[in-house]
Amino acid sequence: MIIKDRPTKLRVDLDALLNNYNKLNSLNIEKIGLAVVKADSYGLGAKVIARHLYENGVRHFATATLEEALELKDIIKDSMILVLGVINPLNVKYAVENNISLTCPSREWLEDALLQIQGFDKKLKIHVKIDTGMGRIGASELEELEEINNLLASEKIDFEGIFSHYSNADGENDNYDNYQTENFERSIKVFTHKPKYIHIENSAGTVKYSDREDQYNLSRIGITLYGCYPSENIEKLDKIKLESVASLVSKVTHVKKFSKGQRLGYGISYEAKEDEYIATIPVGYADGILRRAQGFKIKVGSENCEIVGRVCMDQLMVRCSESIKVGDDVLIFGENNGQKISVDDFATYQDTISYEIFCCINKRVPRVYYKNKMEL
């Protein structure tokens with residue numbers, strides 16, 4: 001049997017995940033926290049994460065696609081699963097059969113969906129999406145909303161929810177949020193019946209407007225569930241202390257002494273400034289460490305070591321001291337052995353966001369889960 005010898009791993013702390021959910025859910029006890037597990041829980045493993053949340057009482061989830069929802073249905077059987085994206089109306093029957101809630105983005109979509117379920121006994125659960133200023137999907141014109149309202153009277157429809165999405169809740173002021181809220185409130189009045197769920201808050205809105213009194217009763221918890229703030233503006237509000245969930249770790253596989261002036265890497269982009277040591281780490285852009293991470297400092301042993309030369313497909317190099325040895329621990333982001341590197345700092349250095357960092361970690365990097373500080 002082959003020995004697994006590539007030490008690069010993505011560690012996921014399930015206790016921290018649940019703690020984040022509970023903290024966020026307690027910000028406003030009048031609202032239900034909907035756990036967003038789309039894109040394989042932002043690359044961290046939706047099946048394991050959804051199961052853990054479900055076993056601890058969570059009953060509201062969201063995915064991006066119908067396929068994602070169907071993959072989780074056997075794990076979270078009696079939960080609400082809302083598909084946030086637009087699905088092909090020809091596949092609506094699979095949602096009905098599996099009790100999955102769908103997003104209605106337009107009158108035309110709803111008409112097509114109704115044609116597909118005429119022979120079904122079960123109802124199609126719908127959350128009508130209102131475009132209040134995001135410009136992505138959803139209806140915005142009052143005339144179309146009135147037409148949707150008329151179609152919702154069908155006995156085939158369970159009008160379960162109505163929602164929108166803040167596009168700048170992580171920004172420095174509330175101006176555009178207020179504009180979207182006003183549009184949402186005006187749109188809601190078009191509908192004859194008030195649905196079970198009304199929601200507009202994403203992770204940023206959940207934290208930012210936790211003290212607001214309104215008619216919304218569901219908040220969609222996304223990136224904050226996984227231990228990251230949507231922006232520095234939200235972190236500065238100091239309303240919640242999130243716990244780190246994901247840590248990318250590895251080990252040193254090679255150390256070599258370089259002479260002053262010696263070059264290394266593709267494009268010979270690094271030249272030793274003096275006699276120095278270079279350590280090789282088995283993680284590269286095929287694993288999700290993009291080439292623009294060059295220059296960032298990661299933890300190798302107890303040292304802060306700069307990534308030198310271009311990140312390769314499967315490996316990268318760092319400048320280190322003579323004391324670094326093969327087998328020493330490496331932390332790229334997260335927490336390990338009492339050391340910390342913020343994934344937000346890692347993302348900011350690369351001019352991106354934590355969402356992208358998580359989603360870029362390739363499937364060949366094993367996800368290792370921890371509960372009660374023990375590996376599962």
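Which residue in the hairpin of β15 and β16 takes a positive phi? Start there, in what is a predicted model: local features need pLDDT of at least 70, side-chain atom pairs count only at pLDDT 80 or more, and totals for chains, interfaces and linings use all residues. Residues are numbered from 1 along each chain as its sequence is written, and side-chain values use heavy atoms, with hydrogens and water left out.

Stop 1: Select residues 297–300, strand β15, and residues 303–308, strand β16. Strands here are DSSP runs of E, at least two residues, numbered from the N terminus. The two strands run antiparallel, joined by four bridges. Strands count as paired if DSSP finds at least two bridges between them. Now pick Val-300: its bridge partner in β16 is Glu-303. Two residues lie between the strands, and Gly-301 is the one with a positive phi, near 60°.

**Stop 2: the next strand.** Show Val-308 and look across to Met-317 in β17, which stands opposite.

**Stop 3: the cysteines.** Show the side chains of Cys-305 and Cys-320. The structure holds zero disulfides (a disulfide is a pair of cysteine sulfur atoms within 2.5 Å). Cys-305 is in no disulfide, and its nearest cysteine sulfur is that of Cys-320.

Cys-305 is buried, with a relative accessible area of 1%. Cys-320 is buried too, at 10%. Buried means under 20% relative accessible area, using a 1.4 Å probe and protein chains only; over 50% is exposed, and in between is partly exposed.
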